[in-house]
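User: I would like to go through this model and see what each label rests on. Please set the values against the cut-offs as we go.

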Amino acid sequence: MSLNVSWDEYNALVERLALNVHESGFRFNQIICIARGGLRVGDVLSRIFEHPLAILSTHSYTADGGTIRGELVIAEHMTMTSPRLGERVLLVDDMVDSGHTLAAVEKALPKRWPVIRSCKTAVLWWKACSTVKPDYYVDYLADDP
């Protein structure tokens, strides 16, 4: 089984994610997206909420054509346009698969950037095989498309 999503459907999912976050009442002042999958999600949410976007690159899927997870590498620096990082962060990605990357980044953020006081996670898709449940998601995938 595969997951095929049109751009219109994808954009609708991002808007639904924004609505989920808004309705929760979580007040954040910074969006951090995990590159690469979270780039589009982070960009759109940054525009919707009018909050600065920071980009944090990670890399782990290397073997067997990028389908087998290796050691997770989290970039030493973030790219951002604001002069300083916000203290209430919405950490976004497109999907939480194993949960390894999302959990590791969420744990590393306040250690590397002590200005961060609170962090919540948001994704479009949450897979059942994940060891982590995101704070916000749009679709729960019971299987592994």
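Analyst: In this predicted model, the largest nonpolar core has 23 residues, of which Leu17, Val41, Leu45, Leu90, Val92 and Leu124 touch the most other members. Two or more residues come from each of α1 (7–24), β1 (30–35), α2 (39–49), β5 (88–96) and β6 (118–127). The top contributor to this core is α1, with six residues.

User: What makes a set of residues a nonpolar core?

Analyst: The members must be buried residues of the nonpolar kinds, such as Val or Leu, joined through side-chain atoms within 4.5 Å.

User: Which residues does Leu45 touch, beyond four places in sequence?

Analyst: Leu45 touches Val14, Leu17, Ala18, Ile31, Glu50, Leu90 and Val92. Leu45 is also one of the buried residues of α2, along with Val41, Gly42, Val44, Ser46 and Phe49.

User: Is Glu50 buried or exposed, and how do you know?

Analyst: The relative accessibility of Glu50 is 70%. The label "exposed" calls for a value over 50%, so Glu50 counts as exposed. Glu50 sits in the loop between α2 and β2 (53–62).

User: Why is Val123 called buried?

Analyst: Val123 has 0% relative accessibility. Buried means under 20%, and Val123 therefore counts as buried. Val123 belongs to strand β6. Beyond four places in sequence, the contacts of Val123 are Leu17, Asp93, Asp94, Met95, Val96, Pro134, Tyr136, Tyr137 and Val138. Arg27 is 96 residues from Val123 along the chain, and their C-alpha atoms are 17 Å apart.

User: Why does Arg88 count as partly exposed?

Analyst: Its relative accessibility is 32%. Buried needs under 20% and exposed needs over 50%, so Arg88 falls in between and counts as partly exposed. Arg88 is placed in strand β5. Setting aside residues up to four places away, Arg88 touches Arg27, Phe28, Asn29, Gln30 and Ser118.

User: Which peptide bond is cis?

Analyst: The bond from Ala35 to Arg36 is cis, with omega near 20°. Arg36 lies in the loop between β1 and α2.

User: How do you know that the overall size agrees with a compact globule?

Analyst: For 145 residues, a compact globule would have a radius of gyration near 15 Å; the protein has 15 Å, so the two agree. Along the principal axes, the C-alpha atoms fill a box of roughly 45 × 35 × 25 Å. Of the 145 residues, 43% count as buried.

User: What share of the contacts joins residues 24 or more positions apart?

Analyst: Among contacts with a separation of 6 or more, such pairs account for 66%. The protein has four helices and seven strands, running α-β-α-β-α-β-β-β-α-β-β from the N terminus.

How values were computed:
Residues numbered from 1 in each chain as written. Predicted model: local features only at pLDDT ≥ 70, side-chain atom pairs only at ≥ 80, totals over all residues. Heavy atoms only, no water. Rg over C-alpha atoms; globule rule 2.2 N^0.38 Å. Buried < 20%, exposed > 50% of the residue type's maximum accessible area, 1.4 Å probe, protein only. Contact = heavy atoms within 4.5 Å.
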